[in-house]
2 protein chains.
Amino acid sequence: MAEINQNFQKLPGSYLFAEIARRTAAYQAANPDKKLIKMGIGDVTRPLAPSVIRAMHKAVDEMGSADTFMGYGPYEGYDFLRDAIVQHDYAARGVTMSREEIFVSDGAKSDCGNIGDIFSVNNVVAVCDPVYPVYVDANAMAGRAGEYDGEKWTNIVYMPCTAENGFVPALPERVPDLIYLCFPNNPTGMAATKDQLKLWVDYANEHGSVILYDSAYEAFIRDPEIPHSIYEVPGARTCAIEFRSYSKTAGFTGTRCAYTIIPKELKVNGVSLAELWLRRQSTKYNGCPYMIQRGAEAIYTPEGQQEVRETIDYYLNNAAIIREGLAKAGLTVYGGVNSPYVWAATPDGMGSWDFFDRLLQEGNVVTTPGAGFGPSGEGYIRLTGFGDPENTKEAIRRITRML
Amino acid sequence: MAEINQNFQKLPGSYLFAEIARRTAAYQAANPDKKLIKMGIGDVTRPLAPSVIRAMHKAVDEMGSADTFMGYGPYEGYDFLRDAIVQHDYAARGVTMSREEIFVSDGAKSDCGNIGDIFSVNNVVAVCDPVYPVYVDANAMAGRAGEYDGEKWTNIVYMPCTAENGFVPALPERVPDLIYLCFPNNPTGMAATKDQLKLWVDYANEHGSVILYDSAYEAFIRDPEIPHSIYEVPGARTCAIEFRSYSKTAGFTGTRCAYTIIPKELKVNGVSLAELWLRRQSTKYNGCPYMIQRGAEAIYTPEGQQEVRETIDYYLNNAAIIREGLAKAGLTVYGGVNSPYVWAATPDGMGSWDFFDRLLQEGNVVTTPGAGFGPSGEGYIRLTGFGDPENTKEAIRRITRML
């Protein structure tokens, strides 16, 4: 008789964003005349760049003609895209990367979850707290998390990110085997410096741990001192896998393209992780659509670079409005500089779900309660810069009036 | 210290198609003047249908405008596509299916592999022999296959498909928990009747096994008596998951779209498998690109249906040329009627790799040796109808001359 994977039964029932949607819908149903402003979910709103649109039209046409039709592509992505990544995302920042170390995919979320396939289920996983829920849930499904006690998983190492440590966690006492790091961070919006990452790289190399570095928000970095890639830190090639995404970089949340870097030097017990990942991908994945990869390639043209930069400036401007507005209103705020996310402390130590409810009911603004990202998120809310400037300003006016 | 998933180390080194590519390249390098005809790999060659191209252009334009831009889509696919599937792939054949039972994805290969996430690693897996290698390798990676003895995995139940049983396997003595079936079959090209599938459905319901039914080639069925879906068989809704793909149906091998059906009634120990799969997909996947789903939707328009049918007729015509030509040349052939694949017995009981080499070197035709698909594939080769008629005829002439 078939048996299910019992780890699924351990997952807590309500997913953060589902609970937010539930409360929001209930309030809106009871108050149909209220105009809500949604500053919760991290989806983009601006259209794809004209260069991307042109490239995708051309690629679609190629698929319609026998001479230029493309069937199965390489599991690891087309060389035209991998070469553009090497040149623009790495060489341009002084980092040497080779085409063979780049694995194009349909999303950093898929890769962050699926990467677990190549590691032992006995590996101990560490995550920042608060954290993007996918790292935890994917490992819980695989059996690496232990039991859920209503707040934490018994076998996950939670690394508190607090105002005291500048939201960059301290090295944990219990040495983890796999360490998820995400900078600029979701949800706190805080970036890490080279010196801060160097501590982690040295720690991982010393203990034989592997860092899973989520760099999905690197395009929002404007401070020249902040590294965009963990490979800007010496020693990272022997201990780190990096996840990049076009979702936030170029508005690809509904278009789906990302890539993962596994350096040649990264080995566990002498086994190349890049080779294991290629085996995994060639068995359980069949490549990212041709037209989508052509769209991603166009981001790297001079026009494409200019266009996506303008869109990110637009979101960063919103983040600055939130950051400065809430600070003026008396809240303590973090992030929102090299990131689309603003992380705001609740007033008077109020619980984050309570503040969420107050903002919803009194301000008609939908946010994300920090507690939904983990125990150390309690006492914070997350707001995002993905709206438009008018609504963003109006939300800040409403919150200011409320406080 | 991190540890790898040791199951990867058990996988045999050389993947079938890599070995074919190696031998082919070696021969071509030594004989640069020879013009090879490739009848091995199962990739399509005809362009996407004009209806699909038009729909994708429209969707790309939508992504370029703020009013119509699409961000994150539903994990399980857009309703416009799911509803088209309900109507055209199921209702049109008298099968009731609801939108909620359909999970759109980037490929049947991904789904056939990833579906393992929701099942216990202790489940025993059965596969047809010969078999599409993905079912076996994905389960070997997950730890369900035991050890590889050089020919077989110790914990996989192999179900021989032979000329004697019409290439539809007998019910196995050791009861498996998960049963992969694929009809019309890759590699044998043979289809299963309703009565043959009914035996499997009853067996699975009796034993609490789950059938993983790969129906990727259903569009090639021309015999009205052959079922396109396992749900045409009474009882299948309580025991079967079905995988469908647009790869061969509409030339989407490089475009990537597929779907998986999990009926509401399908439960294991009272747990809905559809709910587990949605949890898996929402955690480790982020949906199929909007423009790709719009392209898939266009297949179901009257023009789209006509266009994809013409393309499939083109491939079926090639398969008929192969089937009839090889039979005339004295080989015993199977498949090639409701399938793009022809499965031909080697002459005089020759080994399949030996016959592969002879065809390559004397006929300059690249085929796929049956032994690459499993022990019972020994003594056969696979040829595909995905080429063009002229090359297909020339290949048959060369083989006929050789024999």
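1. In helix α12 of chain B (residues 352-363), the residues that count as buried are Ser352(B), Phe355(B), Phe356(B), Asp357(B), Leu359(B), Leu360(B) and Gly363(B); buried here means under 20% relative accessible area, with exposed meaning over 50% and partly exposed in between, for a 1.4 Å probe and protein chains only. The cover over these residues includes α2 (16-30), β13 (365-366), β14, β15 and α13 (389-402) of chain B. Just after the helix, Asn364(B) adopts a positive phi of about 55°. Helices (H or I, at least four residues) and strands (E, at least two) are DSSP runs, numbered from the N terminus.

2. On the basis of the model: this is a predicted structure, in which local features need pLDDT of at least 70 and side-chain atom pairs count only at pLDDT 80 or more, whereas totals for chains, interfaces and linings use all residues. Residues are numbered from 1 along each chain as its sequence is written, chains are lettered from A and ligands numbered from 1 in the order in which they are written, and side-chain values use heavy atoms, with hydrogens and water left out.

3. The corresponding helix of chain A, α12 (residues 352-363), has Ser352(A), Phe355(A), Phe356(A), Asp357(A), Leu359(A), Leu360(A) and Gly363(A) as its buried residues. These pack against α2 (16-30), β13 (365-366), β14 (368-369), β15 (380-384) and α13 (389-402) of chain A, and the helix is followed by Asn364(A), whose phi is positive, near 55°.

4. Strand β15 of chain B (residues 380-384) deserves a separate remark, since 5 of its 5 residues are buried, so the strand is largely enclosed by the rest of the structure. In a regular strand the side chains alternate between the two faces of the sheet. Both faces of β15(B) are covered, with Tyr380(B), Arg382(B) and Thr384(B) buried on one side and Ile381(B) and Leu383(B) buried on the other.

5. The pairing of β15(B) involves strand β12 of chain B (residues 341-345), which runs antiparallel to β15(B) over 5 bridges, with Ala344(B) opposite Ile381(B). Strand β14 of chain B (residues 368-369) also pairs with β15(B) in the antiparallel sense, over 2 bridges, and here Thr368(B) has Arg382(B) as its bridge partner. Two strands are taken to pair if DSSP finds at least two bridges between them.

6. Leaving aside residues up to four places away in sequence, Thr384(B) touches Met39(B), Gly40(B), Ile41(B), Gly42(B), Ile322(B), Pro340(B) and Tyr341(B), where contact means heavy atoms within 4.5 Å.

7. In chain A, Phe386(A) lies in the loop between β15 and α13 and counts as buried at 2% relative accessibility. Its contacts, again not counting residues up to four places away in sequence, are Gly42(A), Asp43(A), Val44(A), Thr45(A), Phe220(A), Lys248(A), Tyr315(A), Pro340(A) and Tyr341(A). The C-alpha atoms of Phe386(A) and Leu316(A), which are 70 residues apart along the chain, are separated by 8.6 Å.

8. Chain B also contains an open sheet of 7 strands with mixed pairing, in the order β2-β8-β7-β6-β5-β3-β4. Its edges are formed by β2 (102-105) and β4 (156-160), each with a single partner strand, so one side of each is left without a neighbour in the sheet. Neighbouring strands are turned by 20° against each other on average, direction ignored. Within this sheet, β6(B) (residues 210-214) and β7(B) (residues 240-245) run parallel and are joined by 4 bridges, Ile211(B) having Ala240(B) as its bridge partner.

9. As for the two chains together, a rotation of 180° with 0.0 Å of shift along its axis superposes chain A on chain B (RMSD 0.0 Å), by least squares on the C-alpha atoms of residues with pLDDT of at least 70 in both. That is the relation of a two-fold axis. The same surface serves both copies, in that 100% of the contact residues of chain A recur in chain B. Of the residues of chain A, His57(A) comes closest to the rotation axis, at 3.1 Å (C-alpha).

10. The contact takes 75 residues from chain A and 75 residues from chain B. Between the two chains 2 salt bridges are counted, a salt bridge being a side-chain nitrogen of Lys or Arg within 4 Å of a carboxyl oxygen of Asp or Glu. Arg279(B) forms a salt bridge with Asp137(A), with the closest N and O atoms 3.7 Å apart.

How values were computed: Axes are lines fitted to C-alpha atoms, for helices over the stretch in contact, and angles run from 0 to 180 degrees between N-to-C directions.
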